[in-house]
Amino acid sequence: MITGQLKNTIDKLWEEFWTGGITNPLTVIEQISFLMFMRLLDLRQERLERTSARSGKESENGVFLPEEQNLRWSQFKHLSGDKMLPLVRDEAFPFLRRKLLDNNGGGFSTFFQDASFLIQKPSLLVSAVAMIDKLPLTEGDTKGDLYEYLLSKLTTAGINGQFRTPRHIIRMMVEMLAPQPSERVADPACGTAGFLVETMQYFHRTHTSPEMVYKDDDGSDVYPGDLLEDYRAHLQSDALYGFEFDITMLRIAALNLFLHGIDEPNVKYADTLGKKFDADQFGFSRSGFDVILANPPFTGSLDLSDVAPSLQAEVKTKKTELLFLALILRMLKTGGRAAVIVPDGVLFGSSLAHRKIRETIVEKNQLEGIVSMPSGVFKPYAGVSTAVMIFTRDGSTKDVWFYDMTADGFSLDDKRTELDGNKHENDNIPDVLEQWKNRSNKREGSRTDQSFLVPKEDIVANGYDLSITRYKENIYEEINFDPPQQILKELEALEMEIQADLKALGAMIG
């Protein structure tokens, strides 16, 4: 959580870029990310220098050579705009890119080779450097929250159906799957890496001793994750994987993970629906993951010639949301579990491809739950109605748990104003999590409830339709109306009163 003052700083920084001529939201975040990286490199050098001073030994892994000291943030931040811009654009930024491409760059290397520095106005650069210099990038939790707030500025839909998943929906899905720090978690269309970041934060929340929890300056709880020590190496190198084919998104995802404690993020440039990934490009395209969390792009434009033949064999379609379901099933280990956001059309679409993917999930795997979400969840990006599908690879479906979510804690208009979350009618998410944990008790429940179980036999009998409206029973309250003769008499009496009033008025003015 960040303070109002820090939010104001980010807001002002955002406005500076827009007034400075850089108006694409992704580009703004990308350029701010580059400047943050430059400052972080300098902060790393400062830590090495302090360690060297204490030990009396010169560090072997210094970031800047003696002749490169002028490229450090702490040096150029004092320059005037006319001197700062050519130095940063022509020397410091190429230096940053080289650093991210060499061995020290780790997981950042692949997608920074074509990065460009697009700030052309000296005044904009000076303002941006001054503002970023004030941000608390040395504080782990705060710097991650800062970046999350920056990402919340993505208020327009991207290409290929991409848009940012609300953080509270991400958190709900992570808590429903309850990933473990020993597992391998992936998002095949990771965007800004929101699911992966929330998974790491979930690990910390669930693996912190009660006595180690402390309050941040703003009163929020901080979870150090002291019980994660046995998993540290795995968490840094092999626990979280993101795949994305938008290079700008990948750069943003990498910094998002970096600012949340992952030094070498496993975010990969890949078209996960494509032939190259199908050929096991990274060794994870088949049975590679214990948990998958995703909000794949809907309505994406797709060239069938580029789609992996193995996916086409599973479901012959151009619809990305159906192909991603087939892909996710393939990427999961046996017993692996997934929570995936899908448009409502996936649940009831009548095409052969729609029915086949639903039949595959129900008959060859274990479909566990469907959370039907209100249509305003993704506003202002889109008004499409969506649901969360929760399933496990292999196994067998017996009963499917349905939940009719009508509120998520925010208004369902374009403003998405936060509501009083203590009221169930304003926020169903706490109840979703509670009912999910106790879903087996719903076997004797009524389908008029907000959540209920449906036997597999009923789903098969309904052509594998998974829309909640197919199974939920509504209670209709009988309304008794007055007999038509009585209504007519009342209208006649009313008409007589009107006529009498009109005659009286005419007499007054006559």
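**Threonine 406 and its setting**

The protein, a predicted model, has 18 helices and eleven strands.

Colleague: Why is threonine 406 called partly exposed?

Modeller: Its relative accessible area is 46%. Buried means under 20% and exposed means over 50%. The value of 46% lies in between, so threonine 406 is partly exposed.

Colleague: Where in the chain is threonine 406 found?

Modeller: In a loop. Strand S10 (399-404) comes on one side and helix H16 (429-437) on the other.

Colleague: What makes a residue a contact of threonine 406, and which ones are in contact with it?

Modeller: Heavy atoms must lie within 4.5 Å. Leaving aside neighbours within four places in sequence, Pro374, Leu412, Asn428 and Gln450 are in contact with threonine 406.

Colleague: How far is threonine 406 from phenylalanine 348?

Modeller: Their C-alpha atoms are separated by 19 Å. Along the chain the two are 58 residues apart.

Colleague: Now the whole protein. What share of the residues is buried, and how do you know?

Modeller: A residue counts as buried under 20% relative accessible area. Buried residues make up 51% of the 510 residues.

Colleague: How much of the accessible surface belongs to carbon and sulfur atoms?

Modeller: The surface comes to about 24,500 Å², and 50% of that belongs to carbon and sulfur.

Colleague: What share of contacts joins residues at least 24 apart?

Modeller: Take contacts between residues at least 6 apart in sequence. Of these, 72% join residues at least 24 apart.

Colleague: How far apart are the mean positions of the positive and negative charges?

Modeller: They are 5 Å apart, for 57 positive and 76 negative charges.

Definitions and conventions:
Residues are numbered from 1 along each chain as its sequence is written. This is a predicted model: local features need pLDDT of at least 70, side-chain atom pairs count only at pLDDT 80 or more; totals for chains, interfaces and linings use all residues. Side-chain values use heavy atoms; hydrogens and water are left out. Helices (H or I, at least four residues) and strands (E, at least two) are DSSP runs, numbered from the N terminus. Buried means under 20% relative accessible area, exposed over 50%, partly exposed in between (1.4 Å probe, protein chains only). Accessible areas come from the Shrake-Rupley method with a 1.4 Å probe; for residues, only the protein chains shown count as cover. Lys and Arg count as positive and Asp and Glu as negative; His and the chain ends are not counted. The place of a charge is taken as NZ of Lys, CZ of Arg, CG of Asp or CD of Glu.
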